[in-house]
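Thanks, everyone. I have one structure to walk through today. Let me put it up.

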Amino acid sequence: MKSYGMPWVVHLQIESAGKLLPILRDCASTYTDARTLKAGSRSEHFLWLSYIAAKSGWRSDAEKWREKAIACSLTYGYRKDATLDCLIDVLELLNEFEPALTLPRAAAILEMVKWMNAATDGRGTKYFEQSAFNVVLKRSREAAFSLIRYYREHAGRWKMLDCLEKFILSVESGDPELLWALKDVFSPHFVERGRHPKQVERAARHLKNLGTRLEPEKSDIWRVRFEAFIRTHIDPGWWPDDVWAVVQKDETRAVYHAREPYGHDSSIPKELTLNSQPIQTEEIEQKLSDSVESYCRTMEQLRAENGYFYEPMLVNSAFEYHASRSNSISEVHRLKAIAEADDSLKSEAVRIIAHRLFDYGEFDSGYETLLLAYQRETKYYPGEEEAEPILKELCGRDQAKLADFLVQRCDEHLMQSYGGFDMPRFIARYFTACGDVASLRKIFDDYLLHCQELFEHLPQQELYGWLRDYVEGKSIEDEEIVHFLVDLLGEHEIDQAKRLLRVLTALSKSRPEIVCRIYCQRLKEAEPLLRERLEILLDAVSCSAPEMVALHLELLVPLLSEPHFRLRMTIIEMIKRVSKSVPLSESIIEAANKAERPYSPLIKYPYRRFLLAPASSDFIKFLRKGALFSLQDAIQAVSDLLQVKPNVVIAYIEHGLVRQGWQEVEENERLKDEWDGMRHGDHITWFIPTFHTLVSDLLQNFIHEAFENGCYDSETLSAVFNIVRGGDPFFLATPPHQKPAEIQAITIGEPSNWVKEIDHPSVMNVDILPAVQWTTVYEERYLAQTNDSSSKYQSEVKVRSLLVAPEYSTNEDAWPDPTDWTDIIRCVHPKERRQIQFASAPPRACRMTS
């Protein structure tokens, strides 16, 4: 039965009632635990249960389910989001007086926030986690960062990034190197127009300024780092002006700024008329500021001639000018009458009039005008924070009169169909202005209880108990930052992992005493995907900081007993590399030798053979679909080097998965969920599927058994390890390079003419080989002019060179086709891909450029 509705049950005969009660109770349990059931539907289901139970004579069950239905009906749709949002504001007010209770109270609110997706459509509930984070951040920087780490797993990525940005912008002390690494957490695939690049720029600029302030002797280094980061991570349309100024010093390039998608574009002039003639904004401003008479006359004409005239900044600026310079009580009275009649005048302008009335001794009239200013500021939301200065002034001048006004205002709002949800915050701000902490606490407690009752019908699940019981001083921020970066390294996204590997490797050079220990500790208990990336990381760190890695190698010794080829070989290579620089204990050296001994060509077990049963055709098809292309290449290369058929390797992997209880149907569902999770509109983030990681681990087990049982020389062992290892440790920390100044950015004049350049034939040049300069064998330049996150125009230029004997330099018919020139250069070792200087045969040199 797909639907939860069950009116058909009513028609059951009462004789079968004894069998029906367990079914109804099971239904009630299902409705209680269902997370995606909206409140209205949940209430209806419990009413049906109550009705059936009452008809059958089960009064206690009927009453219990009726109460549950009523509790569900308390959920009143999208208003719940505003209710909780106001509750967070009340908590912020109370925190000023009772900061010690901030974390338990924030945890109580977050326990309700987690159910918002089950109670509302989500449109107005997107920012609750960030609102609660702001409260925690003001109380404890340590707890706030712990909450960021928690959001990484239990909230959306963009919500975690919002909180991280706020954390970064609030930082005024700390280790600048470690904090600088946080800028790379902002995912480049998060492409909401303008939001992501501006967020990255703000965070990076604040960290640059922090580094400059804490390390003034390195101010130039921090500036260069910031400029390089912006130029290599953000679309040029969102580069700030100071970065563009640096770019234009080195190259001729037009400044391009992307347009804000939703912001106010002040560059577009509005066409206004006065006396039936077009008029500029500057002229209107002058007429409004000439005198009060000119202001009134001009406003009347503008409204009469322009249909809808709404220029609040212009009008308020002129009115404030007159109010602040009024020199008679009659003029102030006139301005007060104008303010009362014109709703477009903001609270600040009206407040100036009130102060002028106070100056002339008209306290009653001044207080009335000040109340008017307060009403203007709280026109839509009575508990608005911006009205707090006015509220405090009103409270200080006449608290009793203010209390009467607030009671009247509450009555007006409660009589309206949509009113009332902001009243607790409205009253809380009054008690805050008065300093009445006891009343403020009671407001919060009653409001919290009301909100908890709204969610009482949902399943009971405590996710934020850790925040409620949080004890400060147990964590060290520097270590927490590294752990957070390592957490992100273990996620499935490919680009993010590459970026963080580079950042963490660079961090190991500047802060090896912190990061090396954490890397070794996390590797010991890491999941397969994180373990692979930590292997790459530690391999690189052992090159740059062997003395620090040596202090923690003892933690990795137990991993040498794992039947995992890549893991074993990585640790063995690390121990060998470190031992050349730092003396190691005999136990570590012996453990490495013992782990490497089974791979010796002197040891062979000919009777241990792999199962020759072929892999199923369905699994082979799924392997092609569910794993990355690189895995297919790795299996083929390993098969060639170990001299076994690829089908034997695939069969081993399939049997290994079957022993683990793997099923293709379940894997299909998981793969679909992972793809859906990585799709952002039309944009897809490339990631490593869980299935790929499972298969990769089994491939390592196969290689381990192959070397353990067979007889392979050291060259084969080294070649296979180079195939399966994650990256070259010596080049892992190399950052992305900026575009060289001599490579001109593409400039699109007339797009149709620019596109026609593709029809031009390739140009060939014949030059004499220079004696001392480099010769470009192959170069490819890919340039693009982007439109925010997507490439609008693309240009690809390839340069190929060939060296020929002088007698052939004028005989074009004897030249090979330019597209084949690079194919004759031998860069492939018989057993692996290697650098060109190590190839078994020298490359054939040529010097003709296309």
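Start with the contacts of Tyr 599. Leaving out residues up to four places away in sequence, Tyr 599 touches Phe 565, Arg 568, Met 569, His 704, Phe 707, Glu 708, Tyr 712 and Leu 717. Keep in mind that this is a predicted model.

Where does Tyr 599 sit? It is in the loop between α31 (586-596) and α32 (617-626). Buried or exposed? Tyr 599 is buried, because its relative accessible area is 3%, and the cut-off for buried is under 20%.

Now look at His 704, one of those contacts. The side chains of Tyr 599 and His 704 make a polar contact at 2.8 Å. Also check Ala 706. That residue is 107 residues from Tyr 599 along the chain, yet their C-alpha atoms are 8.8 Å apart.

Next, a helix pair. Helix α25 (residues 477-489) packs on helix α27 (residues 512-524). The angle is about 45°, and the axes are 10 Å apart. The two helices are therefore oblique to each other. From α25, the contact uses Asp 478, Glu 479, Val 482, His 483, Val 486 and Asp 487. From α27, it uses Ile 514, Val 515, Arg 517, Ile 518, Tyr 519 and Arg 522. The crossing of α25 and α27 is right-handed.

Last, the cysteines. How many disulfides does the structure hold? The count is 0. Take Cys 434. Its closest cysteine sulfur is in Cys 395, at 3.0 Å, so the pair is too far apart for a bond. The cut-off is within 2.5 Å. Cys 434 is partly exposed, at 25% relative accessible area. Cys 543 also counts as partly exposed, at 25% relative accessibility.

Conventions:
Residues numbered from 1 in each chain as written. Predicted model: local features only at pLDDT ≥ 70, side-chain atom pairs only at ≥ 80, totals over all residues. Heavy atoms only, no water. Buried < 20%, exposed > 50% of the residue type's maximum accessible area, 1.4 Å probe, protein only. Helix = DSSP H or I, 4+ residues; strand = E, 2+ residues; numbered from the N terminus. Contact = heavy atoms within 4.5 Å. Polar contact = N/O pair within 3.5 Å; in protein donor to acceptor, adjacent residues only side chain to side chain. Axes fitted to C-alpha atoms, helices over the stretch in contact; angles between N-to-C directions. Parallel < 35°, antiparallel > 145°, perpendicular 65-115°, else oblique. Left-handed = near helix turned anticlockwise from the far one by under 90°.
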